[in-house]
Amino acid sequence: YQRRVRASFMTSVEAKQNCLAYLRDQGIVFELHEHEPVFTVEAQASVLKELPGALTKNLFLKDKKKRLFLLVALSNRAIDMKKIAKSLNATGGIRFGDEDLLFSLLGVKQGAVTPLALINDSERQVELLLDKSLVEEDHPALYFHPLSNDATVGLTIQEFKKFLELQQRPLRLIDFTTLG
């Protein structure tokens with residue numbers, strides 16, 4: 001696998017295979033669920049409905065200062081962009097980052113956004129924001145796309161933390177119950 005598993009000529013299948021190889025080579029234990037391509041959390045939930053654990057929504061965001069964020073939250077979590085912006089001290093608010101920027105930094109397209117794409121952000125330009133309940137509640141697994149929306153990877157929180165440590169990513173937790 002390549003450290004940077006995204007390249008403009010690489011297909012999503014190749015990116016997925018490289019991502020999975022990276023996880024295996026790092027000793028990260030995961031379960032793989034292949035399925036038809038899904039483009040929304042609702043579609044993903046319909047194909048994974050029998051799996052125990054937390055399905056996530058993953059939002060690529062930016063603020064007026066050009067700070068970049070990857071927000072990973074429970075799939076059923078209501079996201080109030082104004083409250084998130086306030087918690088990040090993002091004057092002028094936050095909005096979704098465009099697909100070209102998403103692809104250039106994380107190597108994925110809309111519909112396949114995932115924290116596993118942080119392996120492509122070698123310059124650490126994107127800050128990870130994690131829903132506190134993903135870490136503190138007892139979920140048997142957390143589910144993410146492996147850089148392609150035709151599969152989903154299940155990781156325990158311990159394995160996900162191991163992945164984040166390898167990426168040298170701190171856990172910045174967002175408590176949605178106290179956002180105000």
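Colleague: Which charged end sits over the ring of Phe 103?

Modeller: That would be Lys 109, with its charged end 5.1 Å from the ring centre. A charge sits over a ring if NZ of Lys or CZ of Arg is within 6 Å of the ring centre and within 35 degrees of the ring normal. Bear in mind that this is a predicted model, where local features need pLDDT of at least 70, side-chain atom pairs count only at pLDDT 80 or more, and totals for chains, interfaces and linings use all residues. Residues are numbered from 1 along each chain as its sequence is written, and side-chain values use heavy atoms, leaving out hydrogens and water.

Colleague: How many aromatic pairs are there?

Modeller: In general, you describe a pair of aromatic rings by the distance of the centres and the angle of the planes. Rings of Phe, Tyr and Trp (its six-membered ring) pair if their centres lie within 6.5 Å; planes under 30 degrees apart are stacked, over 60 edge-to-face, and the rest tilted. That rule gives three aromatic pairs here. Take Tyr 22 and Phe 163: their centres are 6.5 Å apart and their planes at 90°, so this pair is edge-to-face.

Colleague: Why does that pair tie together parts 141 residues apart in sequence?

Modeller: Because Tyr 22 lies in helix α1 (residues 12–25) and Phe 163 in helix α6 (residues 157–166). Helices (H or I, at least four residues) and strands (E, at least two) are DSSP runs, numbered from the N terminus. Tyr 22 is buried at 5% relative accessible area, and Phe 163 is buried at 0%. Buried means under 20%, exposed over 50%, partly exposed in between (1.4 Å probe, protein chains only).

Colleague: What about Phe 144 and Phe 160?

Modeller: Those two make a tilted pair, 4.8 Å centre to centre with 35° between the planes. Phe 144 is in strand β6 (residues 142–144) and Phe 160 in α6, so the pair ties together parts 16 residues apart in sequence. Both are buried. Ring pairs link Tyr 22, Phe 144, Phe 160 and Phe 163 into a cluster.

Colleague: Now backbone angles. Where is Leu 147 found?

Modeller: Most residues other than glycine have a negative phi. Leu 147 sits in the loop between β6 and β7, and its phi is positive, near 70°.

Colleague: Is Gln 168 buried or exposed?

Modeller: Exposed, at 55% relative accessibility, whereas Leu 147 is buried at 3%. Gln 168 also has a positive phi, about 55°, although it is not a glycine. You'll find Gln 168 in the loop between α6 and β8 (173–174).
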